[in-house]
Amino acid sequence: MSFQPTTLGIPEEVKKELISDPIARKILITIFKMGSVRPKIGLETGIRYPPFEDLPNWRSTIEKLIRYKLVDKSIVDRLIHCPRCGSIHVSSRLLCPWCKSFNIEPTYIIQHTLCGYIDTESKFRDPNTGQLVCPKCKRPLRKEGLDYVVIGKVFECLNCKRKSNKPLIVFYCRNCGHQFDYLNTSYEPVYEFTLTPLGQRLLTSGELHKQDIIEALKELGLMVESPGKERGRSGIEHVFDIIARTPQGRVLAIDFAEEKDPSLAITSRVPKALDTGVDRYVIILPANAFEASMLVQMKNIIVLDLTEPYLVERIKNIAKELLKKEAKEVEVTAEAPPELGEEAFFGEEMLGGEEEEIPEEGLLFEEGGERKEEEEKGGEEKGKEEKKEELLADEFFGG
Ligand SMILES: [Zn+2]
Ligand SMILES: [Zn+2]
Ligand SMILES: [Zn+2]
């Protein structure tokens, strides 16, 4: 492989093509998530790649990804396919070289050393007693090496009775009944798919996800920059992969972390969040986001998995929460009747500490009893974490 480990080194047009190809992205994410995609081989089902099966044209797409050096294929097997129907449900057959019958039987060639007579084992076997008896001198055979020796193995044809030590090897398709020899078979390679280091880096860099996220946030009415800068209280200007601002200036920052170690990915980024005091900071990890989120004691930092199927949706919902809060503030100051916002993806936990300042949630649901219950239920589940997070977040951000 000839990629540069220090740069992504992917031509812009390839990157653009992949960004607009959801199947290619799904393939990359699937391989990334599984480490490798291996074939499932069944005689009747053939060679299958279940993780790709619901992706249309995945085979041609994966070939494209291989050409772009993002995916590697390595051979794991070769299989005999029926030349007529393509099935791999193929058995081997041994044929009599004279009459081509498959009804041949392996047997030993025995020499009775006492009289010198040579014949197949079946000729020595007494059909009544099952004992070995010499057909020539009629003496029973006692012990191999003592009074007789096995001098070889042959196949005896039960059809034409001839013997051969080199039967014909052919194949028989159990699917269509076609019989063929090895010269007429296709002996196809079977592959396993993995990501190249370049493919891994392309994915963890977030390059393939950014566009969807940016568009989704723009649709919600946020101002988006990528990369985006935000000046901290220290005066340092911090760079985030994406910065999205609500009309009233609330900030949602997003970073893609490429570190394999989730705790390192988080701890190295927390100072940015503390210094800038962004309203929401989403850190997208290559894997293990759930475990990593346990390390985060601040409720404005949300850790998500790159391979999470609803990544864009979740980020949209975080942005919606920010917008909803803004709408509420406007309502409170204008004393307008509260409106029901869109369903909160994260339930109550996202609203957190500031909820106490705007205690209209109770009023909001007073008339709809059922709805209120639901909300309380959601709150209960998250209750423990919330208290702990609030405390720390207040310490860090001064309440
Ligand atoms: Zn066939
Ligand atoms: Zn004998
Ligand atoms: Zn024969």
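The protein chain of this predicted model contains 13 helices and 19 strands, where helices (H or I, at least four residues) and strands (E, at least two) are DSSP runs numbered from the N terminus. Residues are numbered from 1 along each chain as its sequence is written, and chains are lettered from A and ligands numbered from 1 in the order in which they are written. Because the model is predicted, local features need pLDDT of at least 70 and side-chain atom pairs count only at pLDDT 80 or more, while totals for chains, interfaces and linings use all residues.

Among contacts (C-beta atoms, placed from the backbone, within 7 Å) between residues at least 6 apart in sequence, 65% join residues at least 24 apart.

Strand 6 (residues 104-112) pairs with strand 8 (residues 148-157) in the antiparallel sense over nine bridges; pairing requires that DSSP finds at least two bridges between two strands. Within this pairing, H112 has Y148 of strand 8 as its bridge partner, and E105 is bridged to E156 of strand 8. Strand 6 also runs antiparallel to strand 7 (residues 118-120), to which three bridges join it. In strand 7, D119 stands opposite I110. The hairpin of strand 6 and strand 7 has five residues between the strands, and G116 there takes a positive phi near 90 degrees. Strand 8 is in turn joined by two bridges to strand 9 (residues 163-164), again antiparallel, with S164 of strand 9 as the bridge partner of F155. Strand 8 and strand 9 form a hairpin with five residues between them, and K161 in the turn has a positive phi of about 70 degrees.

Helix 2 (residues 22-34) packs against helix 5 (residues 197-204) at an angle of about 105 degrees, with the axes 10 Å apart. Axes are lines fitted to C-alpha atoms, for helices over the stretch in contact, and angles run from 0 to 180 degrees between N-to-C directions. Helix 2 and helix 5 are therefore roughly perpendicular to each other (65 to 115 degrees, with angles under 35 counting as roughly parallel, over 145 as roughly antiparallel and the rest as oblique). Helix 2 contributes L28, I29 and F32 to the contact, and helix 5 contributes G199, Q200 and L203.

In helix 6 (residues 207-219), the buried residues are L208, H209, I213 and L217. These residues lie on the same side of helix 6 because they cover an arc of only 140 degrees around the axis, the arc being that of the directions from the helix axis to the C-beta atoms. E215, K218 and E219, on the other side of helix 6, are exposed. Just after helix 6, G221 takes a positive phi of about 95 degrees.

G42 is placed in strand 2 (residues 40-42). This glycine, G42, counts as exposed because it has 11 C-beta neighbours inside 10 Å. The C-alpha atom of G42 is separated by 8.2 Å from that of H89, 47 residues apart along the chain.

Methods: A residue is buried if 20 or more other C-beta atoms lie within 10 Å of its own, exposed if 12 or fewer, and partly exposed in between; C-beta atoms are placed from the backbone. Two residues are in contact if their C-beta atoms, placed from the backbone, lie within 7 Å.
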